[in-house]
Amino acid sequence: MAKVKIVDLTLRDAHQSLLATRMRTRDMLPILETFDSAGIYCFEVWGGATFDACHRFLNENPWERLREIRKRVKNALISMLLRGQNLVGYRHYPDDIVEKFVQKTVEYGMDVFRIFDALNDVRNLVTSIKVAKKLGAHVQGAICYTISPVHTIEKYIEIANELAYLEVDSLCIKDMAGLLSPKMAYRLVKALRKEVGLPIDVHSHYTSGMASMALLKAVEAGAKMIDTVMSPLSGGTSHPPTESLVYALNELGYDTGVDLDVLLEVREYFMKIREKYSGYLDWRSTIPDTNVLVYQIPGGMFSNLIAQLKEYNALDKLPEVLKEVPRVREDLGYVPLVTPTSQIVGVQAVLNVLTGERYKVVTKETRDLVKGMYGRTPAPIKEEIRKKILGDEKPIDCRPADLLEPEFEKRRQELIEAGIEDPSDEDVLIYALFPQTGLKFLKGELEEEPFPVPGGKIEGKFKVEIEGEVFEVNVSPLEES
Ligand code: CO
């Protein structure tokens, strides 16, 4: 019987996608030992936006969370999502920070690192992959899936081969917007199995309503792992339900090794969690958003565009903006729409329409992207756009992090000067990644936010720090998960 391994994302991506990443550690721990006895291959429990949300909104130490989870998971592997050189933050960090972060995380018992880059520029993954490999962790190289004229099967094989060259242990097809159709899932997995040969894990958000079908076809094509979440936190912008996939696969003759009876007990638990956290739940993110199928714009980005246009009292311009988004994306080298590129493309498209002249006003982020500061775009940036934005200035062609000076010791000194006596490496990392909220957290100046009232609005957008500048963005969880 062919084996299919179940990777359950309930403790990371599910609440990041549906509950604004707000699940408290105390609500995760009580069920873990039972959950761990169900036969799940791997639990994704850390990384992505959880490190940020954990300290910023919940006044919890993310390292403590990891320690407590690790203590209770003895059978399954545990995994995290790492944004390559961005780690769990929003900008490129220098190599010494990346090395220290990965090394500490391994010390805490992390088994699997799933590592991706928004542009699929593998140079942004090299440092974290090398360190994790050297320390004996399982490294999963993730490929962001998107649709564009340059994102052909051949292109994905090329990226996968670059990852294979770095000796990753497996590949992940990371479909953050739910664009992966059953047919493409089948073709892509087949091609990667044949040409690259590494085991494949498929991660597909439920956003467009196609994910269960895509996973099944991926398994038929030879995927060895699939990503699912417990049913109370499944569907919508989250993922297909673990229980249903286990049942369907078992019936089709695949061996998942998962005990459904145990999952029913786990389900009861997460039903209560869903109820407790219902104030965070926007009903719109619980149903399929089929706009994705037509516009290929992730659901969260779609609602961000509407919000921005409302701010400018220009909602009537939405049809124009929807036409402008793919044009901007084409100009900028067909970047996948995932944090931070989804925000960059969205804001620029709105500016292009509202000012009446394309690229008359550009954001710092658009400029940086054109300059190569995020890495290499999937296709070259259009020459006339580059000239208009950069003038005679030359874009960089090296790996962006090559331009960064080591930071770790400097950050440690800053912490000591700020009054934190003898900071641990973990403290320094919290501060290095999130200088403002991290420092407040370490000084004990933050508090756990109260649970929102169901039907009310969630306070606080994500404050994003990019190269020292802080601004508020309505970062939709699905775009960066
Ligand atoms: Co995700």
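Modeller: Here is how each label gets its meaning.

Modeller: This is a predicted model, so local features need pLDDT of at least 70 and side-chain atom pairs count only at pLDDT 80 or more, while totals for chains, interfaces and linings use all residues. Residues are numbered from 1 along each chain as its sequence is written, and side-chain values use heavy atoms, with hydrogens and water left out.

Colleague: What makes the eight strands a barrel?

Modeller: They close up in the order β1-β2-β3-β4-β5-β6-β7-β8, with parallel pairing. From one strand to the next, the twist averages 25°. A strand here is a DSSP run (E, at least two residues; helices are H or I, at least four), numbered from the N terminus.

Colleague: How do you know that β6 and β7 pair?

Modeller: Two strands pair if DSSP finds at least two bridges between them. β6 (residues 170-175) and β7 (residues 200-204) have five, in the parallel sense, so they count as paired.

Colleague: Why is E268 called partly exposed?

Modeller: Buried means under 20% relative accessible area and exposed means over 50%, with partly exposed in between (1.4 Å probe, protein chains only). E268 has 47% relative accessibility, so it counts as partly exposed. E268 belongs to helix α11 (residues 260-276).

Colleague: And what makes α3 mostly covered?

Modeller: Nine of the nine residues in α3 (residues 50-58) are buried, among them F51, D52 and R56. Just after α3, N59 takes a positive phi of about 50°.

Colleague: What makes a group of residues a nonpolar core?

Modeller: It is a set of buried Ala, Val, Leu, Ile, Met, Phe, Trp, Tyr and Cys residues joined through side-chain atoms within 4.5 Å. The largest has 116 residues, and F101, F270 and L433 have the most contacts inside it. Apart from that core lies another of 28 residues, including I297 and Y359.

Colleague: Which residues does F101 touch?

Modeller: Leaving out residues up to four places away in sequence, F101 touches W46, F51, W63, M80, L82, L87, V88, L429 and L433. Contact means heavy atoms within 4.5 Å.

Colleague: How far apart are E268 and P232 in sequence and in space?

Modeller: They are 36 residues apart in sequence and 8.6 Å apart in space, C-alpha to C-alpha.

Definitions and conventions: Axes are lines fitted to C-alpha atoms, for helices over the stretch in contact, and angles run from 0 to 180 degrees between N-to-C directions.
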